[in-house]
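Notebook open, structure loaded. I want to jot down what I look up, one stop at a time.

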Amino acid sequence: MPTHATRSSVLFVCLGNICRSPTAEAVFRATAERAGHGSRVHVDSAGTGEWHVGNPPDWRAIAHGRRRGYDLAPLRARQVTREDFARFDWILAMDRSNLRELQALEPDGYRGHLGLFLDVAPAIGRREVPDPYDGGADGFELVLDLVEEASRALLARIVPRAG
Ligand code: 4NP
């Protein structure tokens, strides 16, 4: 029975914030909502790069997500900032390069959890969500497969009795 419902905040980070991290944002939000825990989590995404700021997700990420019931179309890219460390309990990078960029921004004494998203789900057997930007449809499907499984694991970590 949810009594002292605390709200967790999660920021997903990739390079451009137009493929992997908006997919993770939409999938994790939907996973929490479908489990009845939408009000327990605040979810956002950002990129380490600035090239796509203000843009919607890549049309391929929107199309592949839509086929599995996720709506990425309203999302807009933004760049991660140092202030995000004051706002998010969980900052989860898609790959090691993203993580290194975040570690360079991390203020001393950050008390949240900064790490690789897939590390919440060791059973997946891989640590990085590969960048699908220069590849084909398979890459976008793999992003969705990995992000769906890791989202279930993350929700179980954040809301231990979920489901
Ligand atoms: P994302 O994919 O980091 O998953 O959003 C990329 C999007 C754009 C670029 C690279 C990766 N780019 O070089 O513009």
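Which residues is Val 10 in contact with, leaving aside its neighbours within four places in sequence? I listed Phe 28, His 42, Val 43, Asp 44, Phe 88, Trp 90, Leu 92, Leu 154 and Ile 158. Contact here means heavy atoms within 4.5 Å.

Ground rules before I go on. I am looking at a predicted model, where local features need pLDDT of at least 70 and side-chain atom pairs count only at pLDDT 80 or more, while totals for chains, interfaces and linings use all residues. Residues are numbered from 1 along each chain as its sequence is written, and side-chain values use heavy atoms, with hydrogens and water left out.

**Entry: the cores**

I looked up the largest nonpolar core next, and it has 38 residues. Val 10, Phe 12, Phe 28, Phe 117, Leu 154 and Ile 158 have the most contacts inside it. Who supplies this core? At least two residues each come from β1 (8-14), α1 (20-34), β2 (41-47), α2 (59-67), β3 (90-93) and α5 (137-158). The most come from α5, which gives nine residues. I also found a second, separate core of 13 residues, with Leu 11, Leu 99, Leu 114 and Leu 116 among them.

My terms: a nonpolar core is a set of buried Ala, Val, Leu, Ile, Met, Phe, Trp, Tyr and Cys residues joined through side-chain atoms within 4.5 Å. Buried means under 20% relative accessible area, with a 1.4 Å probe and protein chains only. Helices (H or I, at least four residues) and strands (E, at least two) are DSSP runs, numbered from the N terminus.

I checked Asp 44, which sits in strand β2. Asp 44 counts as buried because its relative accessibility is 16%. Not counting residues up to four places away in sequence, Asp 44 touches Val 10, Leu 11, Phe 12, Glu 25, Arg 78, Arg 87 and Phe 88.

Then I went to Ser 151 in helix α5. Is Ser 151 buried or exposed? Ser 151 has a relative accessible area of 0%, so I put it down as buried. Beyond four places in sequence, Ser 151 is in contact with Val 27, Phe 28, Thr 31 and Phe 117.

**Entry: α2**

I noted Arg 60, Ala 61, Ile 62, His 64 and Gly 65 as buried in α2. The buried residues of α2 pack against α1 and α5. After α2 comes Gly 69, with a positive phi near 90 degrees.

**Entry: the ligand**

What surrounds the ligand? I wrote down Cys 14, Leu 15, Gly 16, Asn 17, Ile 18, Cys 19, Arg 20, His 52, Asp 131 and Tyr 133, taking residues with a heavy atom within 4 Å. This shell divides into five nonpolar, three polar and two charged residues.

A side-chain N or O atom of His 52 is 2.8 Å from a ligand oxygen. For Ile 18, a backbone N or O atom lies 3.0 Å from a ligand oxygen. A polar side-chain atom of Asp 131 lies 3.3 Å from a ligand oxygen. Taken alone the ligand exposes 350 Å², and the protein buries 88% of that; the areas come from the Shrake-Rupley method with a 1.4 Å probe.

Last stop was Asn 17, in the loop between β1 and α1. Asn 17 is not a glycine, but its phi is positive, near 60 degrees. I counted Asn 17 as buried because its relative accessibility is 2%.

Conventions: A polar contact is a pair of N or O atoms within 3.5 Å; within protein, one must be able to donate a hydrogen and the other to accept it, and residues adjacent in sequence count only if both atoms are side-chain atoms. Ala, Val, Leu, Ile, Met, Phe, Trp, Tyr, Cys and Pro count as nonpolar, Asp, Glu, Lys and Arg as charged, and the others, Gly among them, as polar. Buried means under 20% relative accessible area, exposed over 50%, partly exposed in between (1.4 Å probe, protein chains only).
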